[in-house]
Amino acid sequence: MFVVGLTGGIGSGKSAATAIFEDLGIDVVDADLASREAVLPGSKALDQIQKKFGNEILLEDQSLNRAKLREIIFDNSEDKTWLEQLLHPEIRHIIQSKLENSSSEYVILVSPLLFETDQHEFCNTTILIDSSLNSQISRTSKRDSVSEDSVKKIISAQMSRDDKLKIAKIVINNDDSLEQLESNVKKVHENLIKEITK
């Protein structure tokens, strides 16, 4: 299976790009969804998180209170490391299983932390959806109804745009219209098909 990793900073247009790939008949595995699946009610991981942090990290429906957990681990590097060691292997297993079950010509693994985690190791090549800081701030502020300062804080906590540009094999610019993004994605798709069928 030929796996294409796709990433980008917040508000760069990852979701819009993956939707276009899906319209082209390409399977998409979402690392964020896999991370949610890993802590579903009844999962071993959620059980261990509850034992460590208590019932306050559960919502009324017994699902994980992500905001509360983020709050607990934010300033505690030991707890953060414990959580990562618990969840990363589980998330990796879910991702691997979904990739193996793909039946399209290649499969996209979309992950905001593709380069920060070992998820890039699954990939034959990588795509960065790249957009300017202004585009990221404007899109995220509109989409999530948050302040410009909040968006800047999130961006500064992520791997820098320059570092991502150095690592990514393919860069798709998304500072223009949705039509332009679609055109750019289609070109990349055609090139990937050529590469795979060589």
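Which residue just after α1 takes a positive phi? That's G25, with a phi of about 90 degrees.

## About the model

This is a predicted model, where local features need pLDDT of at least 70, side-chain atom pairs count only at pLDDT 80 or more, and totals for chains, interfaces and linings use all residues. Residues are numbered from 1 along each chain as its sequence is written, and side-chain values use heavy atoms, with hydrogens and water left out.

## Helix α1

Helix α1 spans residues 14-23 (helices are DSSP runs of H or I, at least four residues, strands are E runs of at least two, and both are numbered from the N terminus). K14, A17, T18, I20 and F21 are buried here (buried is under 20% relative accessible area, exposed is over 50%, partly exposed is in between, with a 1.4 Å probe and protein chains only). They sit on the same side of α1 because they cover an arc of only 155 degrees around the axis, taken from the directions from the helix axis to the C-beta atoms.

## Strand β4

Now for β4: 6 of its 6 residues are buried, so the strand is largely enclosed by the rest of the structure. T125, I127 and I129 are buried on one side, and T126, L128 and D130 on the other. In a regular strand the side chains alternate between the two faces of the sheet.

β4 runs parallel to β1, joined by 4 bridges (pairing takes at least two DSSP bridges between the strands), and L6 stands opposite I127. β4 also pairs with β5 (residues 170-173) in the parallel sense over 4 bridges, with L128 opposite V171.
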